[in-house]
Amino acid sequence: MSSSLGLDAAAAALLGVSFTALDDDEVLGVVREVESARRRLAAVDHRLIAELDVRGVAGARLQKGTAGLLSAVLHLDRGETARRVKAALVLGPRVTTGGEVLDPVLPCTAAGQARGELSAEHARVVERTMGALPSMLDPELRERAEAQLAGLATHMLPAELVLAGERIRAHLDPDGSLTDDDDRERRRAFTIGKQGDDGMSPVRGVLNPQCRAVLDAAMTPLTRPAPTEDGAVSDPRTPAQRGHDALRSLARRAMAAATVGTSGGATTTVVISMGIEDLDARAGQATTATGATLPIADALNLAADACWILGVLDRRGQPLWLSRTQRLATGPQRKALFLRDGGCTRPGCSAPAAWCEAHHLISWLDGGPTDLPNLALVCSFDHHLITHDGYTVTMGEHGRITWTTPAWLDPTRTPRVNGT
């Protein structure tokens, strides 16, 4: 069947054509013709995916849905095949359980793509815009909005179409009165994107009102600028950086409290592996059980402060050492620290005990025990200072936690306790 379509022959014929003899207008004409064919083939793809779905081919071949089937057959990333399947749901034909064939969910957009007038990105913009419209919107207005967007897409860039869609949405529901709980639940999302070469990960999402309220309440105390003593530099973090650090602190506290459920039947924990050569050199990358990477120094710092399992591998990738899985202060120990330290022990910091973590004066990685004489309450921001900025924290006289600041902040490096 595929040979009778002539697609391979047409592509081969084009590959054999020399365009050097064509003038500029003729080359542009070929470019437009090829792009039109590319867009029309996307419409064919929607029909093929719909056919695979109707036949249940993925289930028969023991694949994880049609997206998984396409990924295996076409050697494409699962994200790409998932986007194709999602597009086919709204741009391809629909078949009822009784076998009746219905028009696509977005008929005008589908028709424009079948004519070669809309690109896949144009279609995605229309889909996202229509998906953001309130479900209570009058059906006739919804149909008119989709037709208008499909028409605009024929002569607008996708970025311009996004702005046009926002104006249409604002016109149809100017005060948000048509948006209900179902709309909000449908739009809720939170995604951590692919980790970049620099180790950083983008995030995107939309929070429903309940999630926003809870997150605001939990993060507000942690996003306040860290208090400083007179004459010291102010909190150098931007509001966005404080928000990032607050989210990290919340996640660590949730894991410490063992309130985040299980994964694979085991209590959720941070699992980190690294090579012995990288560990010896304190350089290179460690890997978590989820596939994320982080510098060796960051991995060791994380391992010292969280519920964790650290595995060290030899040059053949075989385990040489598997760490302990729990180094956190117990509940009674934390209560004792609350009574003894009162709050963050850094001089000039007023963070209350409830915002603090138990810091090992002698690193647990270096054999420091999880005993009260080796523990101190430190807020999340100041815990970061200990690790990166050369602060020294020790047990001073009379059981008071003593801090010595870097020379750039205090040239005398005089040991001090909070409150003096």
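Here is a short walk through a hairpin, a ring pair and a surface patch.

Keep in mind that this is a predicted model.

Start with the hairpin. Strand β14 (residues 392-395) runs antiparallel to β15, and the two pair over four bridges. Across from Ile-401 in β15 you'll find Met-395. Five residues sit between the two strands, and in this hairpin His-398 takes a positive phi near 60 degrees. Strand β15 (residues 401-404) is covered on both faces: Ile-401 and Trp-403 are buried on one side, Thr-402 and Thr-404 on the other.

Now for the rings. The structure holds one aromatic pair. The ring centres of Tyr-391 and Trp-403 are 5.8 Å apart and the planes sit at 75 degrees, so this pair counts as edge-to-face. Tyr-391 belongs to the loop between α17 (380-388) and β14 while Trp-403 is in strand β15, so the pair ties together parts 12 residues apart in sequence.

| Residue | Relative accessible area | Class |
|---|---|---|
| Tyr-391 | 10% | buried |
| Trp-403 | 1% | buried |
| Val-17 | 40% | partly exposed |

Leu-14, Val-17, Phe-19, Leu-22, Val-27, Val-31 and Val-34 make up a nonpolar patch with about 510 Å² of accessible area together. Helix α3 (residues 24-55) gives the largest share, three residues. Val-17, meanwhile, is in the loop between α2 (7-15) and α3.

Key. Residues are numbered from 1 along each chain as its sequence is written. This is a predicted model: local features need pLDDT of at least 70, side-chain atom pairs count only at pLDDT 80 or more; totals for chains, interfaces and linings use all residues. Side-chain values use heavy atoms; hydrogens and water are left out. Patches are made of residues with over 30% relative accessible area and no salt bridge: like charges are joined within 9 Å, nonpolar side chains (Val, Leu, Ile, Met, Phe, Trp, Tyr) within 5 Å. Accessible areas come from the Shrake-Rupley method with a 1.4 Å probe; for residues, only the protein chains shown count as cover. A salt bridge is a side-chain nitrogen of Lys or Arg within 4 Å of a carboxyl oxygen of Asp or Glu. Buried means under 20% relative accessible area, exposed over 50%, partly exposed in between (1.4 Å probe, protein chains only). Two strands pair if DSSP finds at least two bridges between them. Rings of Phe, Tyr and Trp (its six-membered ring) pair if their centres lie within 6.5 Å; planes under 30 degrees apart count as stacked, over 60 as edge-to-face and the rest as tilted.
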